Every structure is written in structure tokens, then in C-alpha cells.
Amino acid sequence: MKKIVDVISMNDSLEYIGGCSELDIENAEKLLNVQFPDTYKEILRKFGVITFGSHEWFGLNISGYLNVIESTLAERKINDLFPSDC
């Protein structure tokens, strides 16, 4: 069975900025008070943040709306219905 990062890597339109460290992931989880799924951690370690075609996956190692920390904290601030464990 192929890993998700291998499948993503095969996409011809894949763009990414570079992976992040385990410490970056741990800090993001602590700041957001969540536990990322293992597959998402694998994507973060390999790619940081990715886009392909019309798809964008939030991540780390970037500023702005694609940064999972910035976007999650902003959404929590403006949306009372946003789950605190997401």
C-alpha cells in the first residue's frame, strides 16, 4: 500500500514549500490544543503546505491563510460554532 505522501508526490501540478520539523508540528498541536492525525503529520513533515490544481491543504512553514495555526485561531475568534478540537 502506498503512503499518502507518495500518492501526493505523483501529482504533476503539485506545489509545496518544504517540510517542517517534528518540533514545528508539536508546537502547532500545543498552540491549537489538538492532536493532528498521523497522515496529516506525515504531509506536514514532507511538504509543509501543498497546492495542486484547485486544491489547497493548510499547513506550516508559511504565513497567511494557508497557515493552519493562523487560520484556525482566526476562525475560532470569529465563529463561536467552530469546534475547539478542530
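Me: In this predicted model, are Phe-36 and Tyr-40 buried or exposed?
Reply: The model is predicted. A residue counts as buried when its relative accessible area is under 20%. For both Phe-36 and Tyr-40 the state is buried.

Me: Which class of aromatic pair do the rings of Phe-36 and Tyr-40 form?
Reply: The ring centres of Phe-36 and Tyr-40 are 5.1 Å apart, and the planes stand at 85°. Planes over 60 degrees apart count as edge-to-face. The pair of Phe-36 and Tyr-40 is therefore edge-to-face.

Me: How many aromatic pairs does a search of the whole structure find, and what is the angle between the planes of Tyr-16 and Phe-47?
Reply: The search finds four aromatic pairs. One of them joins Tyr-16 and Phe-47 edge-to-face, with 5.0 Å from centre to centre. The angle between their planes is 75°.

Me: Where in the chain do Tyr-16 and Phe-47 lie, and how many residues apart are they?
Reply: Tyr-16 belongs to strand 1, and Phe-47 to helix 3 (residues 38–47). Their pair links distant parts of the chain. The separation is 31 residues.

Me: What is the relative accessible area of Phe-47?
Reply: Tyr-16 is partly exposed, at 44%. Phe-47, in contrast, is buried. The relative accessible area of Phe-47 is 1%.

Me: Which strands stand at the edges of the sheet?
Reply: The open sheet has three strands in the order 1-2-3, paired antiparallel. A strand with a single partner has one side left without a neighbour in the sheet, so the edges are strand 1 (15–16) and strand 3 (55–57).

Me: Which residue in strand 3 is the bridge partner of Thr-51?
Reply: Strand 2 (residues 50–52) pairs with strand 3 in the antiparallel sense, over three bridges. In strand 3, the partner of Thr-51 is Glu-56.

Technical notes: Residues are numbered from 1 along each chain as its sequence is written. This is a predicted model: local features need pLDDT of at least 70, side-chain atom pairs count only at pLDDT 80 or more; totals for chains, interfaces and linings use all residues. Side-chain values use heavy atoms; hydrogens and water are left out. Two strands pair if DSSP finds at least two bridges between them. Helices (H or I, at least four residues) and strands (E, at least two) are DSSP runs, numbered from the N terminus. Rings of Phe, Tyr and Trp (its six-membered ring) pair if their centres lie within 6.5 Å; planes under 30 degrees apart count as stacked, over 60 as edge-to-face and the rest as tilted. Buried means under 20% relative accessible area, exposed over 50%, partly exposed in between (1.4 Å probe, protein chains only).
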